[in-house]
Amino acid sequence: MNRPDSDQPDQGANQDDAVWLDLVARLESDTVAIVPTGPVAAAPEPPAQPTFRDFDPLGLAGTPPAEMSAAERQARPANGADVPGEGPRDYDVDDDGEEFVPEEPPSLAGTDPLTMLAWLGAVGGPVALLLSAMFWRSAPLLAIVGIVAVFVLATVYLIMKLPQEKNGDDDGARV
């Protein structure tokens with residue numbers, strides 16, 4: 001067998017480095033750089049990376065707007081005069097002192113019993129399926145099908161109770 005001595009450096013490693021440097025040089029530049037296959041040559045100088053200013057068809061990379069220093073911002077007139085640079089949040093809201101008090105929600109005691117059962121079925125069906133999957137693994141198929149049927153029927157009933165026509169006076173601002 002033909003084995004290199006362990007004292008000599010690996011000649012294949014030098015060649016691999018040269019091939020790698022050649023590949024990198026070709027990918028980074030438009031021209032092909034020829035790297036000698038002998039001893040490792042110094043890596044070619046990579047071209048300068050293009051910046052946003054190099055490709056700016058809209059002229060956006062012009063001179064940046066001058067910002068005021070902290071001292072100039074503090075020296076602005078405090079009399080509320082129209083100063084350029086003030087935005088839509090630079091004003092005080094005229095508060096009339098009244099706090100918003102929502103109206104009382106209607107009582108659930110006056111709700112239609114069938115509607116209340118439908119809500120219990122629509123919300124309780126998935127909860128019951130989740131609990132039965134966690135705690136009652138051996139639930140009979142009839143119980144699972146019954147829970148699913150109650151959920152589907154309750155949801156269909158609630159959908160059918162929705163108003164069919166739109167109120168012309170309603171602007172949609174109230175839920």
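Me: Does Asp-22 count as buried or exposed?

Reply: In this predicted model, Asp-22 has a relative accessibility of 16%, and because buried means under 20%, Asp-22 counts as buried.

Me: Which residue does the side chain of Asp-22 meet in a salt bridge?

Reply: The partner is Arg-26, and the N to O distance between the two side chains is 3.0 Å. Both Asp-22 and Arg-26 belong to helix α1, which covers residues 11–28, and they stand four residues apart, about one turn of the helix. Arg-26, at 40% relative accessibility, counts as partly exposed, whereas Asp-22 counts as buried.

Me: How many salt bridges does a search of the whole structure find?

Reply: Such a search finds one salt bridge, and the side chains of Asp-22 and Arg-26 meet in a salt bridge.

Me: Which residues make the nonpolar surface patch of about 760 Å²?

Reply: The patch is made by Trp-119, Val-123, Val-127, Leu-130, Leu-131, Met-134 and Phe-135. Of these residues, Phe-135 is found in helix α3, which covers residues 113–135, and because exposed means over 50% relative accessible area, Phe-135 counts as exposed at 68%.

Me: What lines the largest pocket, and what is its volume?

Reply: The largest pocket has a volume of about 180 Å³, and its lining consists of Pro-106, Ser-107, Leu-108, Thr-111, Thr-115, Met-116 and Trp-119. Sorted by class, that lining has four nonpolar and three polar residues, with no charged ones. Trp-119, named here in the pocket lining, is also one of the residues that make the nonpolar surface patch.

Note on methods: Residues numbered from 1 in each chain as written. Predicted model: local features only at pLDDT ≥ 70, side-chain atom pairs only at ≥ 80, totals over all residues. Heavy atoms only, no water. 1 Å grid on protein atoms, 1.4 Å probe; cavity = no way out; pocket = protein on both sides within 12 Å on 5 of 7 lines; lining within 4 Å. Points joined across faces, edges and corners; volume = space filled by probe spheres on them. Nonpolar A, V, L, I, M, F, W, Y, C, P; charged D, E, K, R; others polar. Salt bridge = Lys/Arg side-chain N within 4 Å of Asp/Glu carboxyl O. Helix = DSSP H or I, 4+ residues; strand = E, 2+ residues; numbered from the N terminus. Buried < 20%, exposed > 50% of the residue type's maximum accessible area, 1.4 Å probe, protein only. Patch = residues over 30% accessible without salt bridge, like charges linked within 9 Å, V, L, I, M, F, W, Y side chains within 5 Å. Areas by Shrake-Rupley, 256 points an atom, 1.4 Å probe, with all protein chains shown as cover.
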